[in-house]
Amino acid sequence: MRDPAVVPAPPVPPVDFTALAGLPFTKMTGSGNDFVFFDGRLTPLDRVTSPEVIRRICNRNNGIGADGLVVLEPTGDGADVTIHYFNSDGSPADLCGNATLCSTTLAAQLEMASPVGMRLATGAGVISSRLTGHGPGQLPEIDLQPVTDVRPTLDIKRAPGEQAIGLAVAGIPHLVVLCDDAEAVPLRERGPVLRHHPSLGPAGANVNWVSRQPDGRWRYRTFERGVEGETLACGTGAVATAVLLGAWGLAVGLVVTIVSSSGRPLQVRLPASDGANAEEQGRGQPSLRGEGRVVFRGVIAAL
């Protein structure tokens, strides 16, 4: 019997980028991790979330430029707002810590939710958040879901200057590398090697290098999947880093201050442990506090 003829798939029509003209957007930054936001009440989700459109919008030369794209939609069912987050390469992600900090600020400004307390639906679960402080010092704070799969030691060969390599899933998986000097890490070369390490499976993980500063704070740098390069900050990376610093017995106190590549600090509050086992520190529900700032608002003219 002859195989039935294979019917070729119909050609995919080209994306009509002119349909984006006139769409209002908000450009935001969380410690240098920047995003293009759309109000889902004004812009239908499917209009701006195809991979081709996301890549065009996030392009830093011919588009608006960003590490990711976010659509905020009012919702019910146990949350005030749904965060639809996409990396700059067009791939969706369950969670982005800095995008969630920015979402808290913008949801309050757009009156989608109360600034004193809101619930944000993400692919990693519902996150409670709020604005803290007043005036210029006001910052968003988010309570993440418990960090899982904390492994302080992995069987991955360390490069010179690397002291320890661990893993933690803070909504998304993160490798954390304790090193002598985060500033000196050859991130462009070392990042892809660890991000795609065979032990992490096909999806891989983000990679964070961390070292102690003379003032007692911690300096970290992130190679982020979906961006496939260094980002100036990563919120979930800061959380995973703080949790592993606790697991390694290096975190002093429950609040860990981590300085991003933009120079702006992120504060991670670790849940208290009974002190019997350092590796248990931070495995409850951590909080992240940091910048979530509107840079400018605009309307797309042409992309």
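1. Strands here are DSSP runs (E, at least two residues), numbered from the N terminus.

2. This is a predicted model, in which local features need pLDDT of at least 70, side-chain atom pairs count only at pLDDT 80 or more, and totals for chains, interfaces and linings use all residues. Residues are numbered from 1 along each chain as its sequence is written, and side-chain values use heavy atoms, with hydrogens and water left out.

3. The hairpin of β9 and β10 has 3 residues between the strands. Within this hairpin, glycine 171 takes a positive phi near 85°.

4. Strand β9 also pairs with strand β8 (residues 148-151); 2 bridges join them, and they run antiparallel. Here threonine 148 stands opposite valine 169 of β9.

5. How many of the 8 residues of strand β9 are buried? The count is 7, so the strand, residues 162-169, is largely enclosed by the rest of the structure. Buried means under 20% relative accessible area, exposed means over 50%, and partly exposed lies in between (1.4 Å probe, protein chains only).

6. A search of the whole structure finds 3 aromatic pairs. One of them joins phenylalanine 25 and phenylalanine 296 edge-to-face, at 6.0 Å centre to centre with 85° between the planes. Rings of Phe, Tyr and Trp (its six-membered ring) pair if their centres lie within 6.5 Å; planes under 30 degrees apart count as stacked, over 60 as edge-to-face and the rest as tilted.

7. Phenylalanine 25 belongs to strand β1 (residues 24-30) and phenylalanine 296 to strand β17 (residues 293-299), so their pair ties together parts 271 residues apart in sequence. Phenylalanine 25 is buried, at 9% relative accessible area, whereas phenylalanine 296 is partly exposed, at 36%.

8. Phenylalanine 35 and phenylalanine 37 form another edge-to-face pair, with 6.3 Å centre to centre and 85° between the planes. Phenylalanine 35 is buried at 0% relative accessible area, and phenylalanine 37 is buried at 1%. Phe35, Phe37 and Tyr85 form one aromatic cluster.

9. Arginine 56 has its charged end over the ring of phenylalanine 17, 3.7 Å from the ring centre. A charge sits over a ring if NZ of Lys or CZ of Arg is within 6 Å of the ring centre and within 35 degrees of the ring normal.

Notes
Helix = DSSP H or I, 4+ residues; strand = E, 2+ residues; numbered from the N terminus. Pairing = 2+ DSSP bridges.
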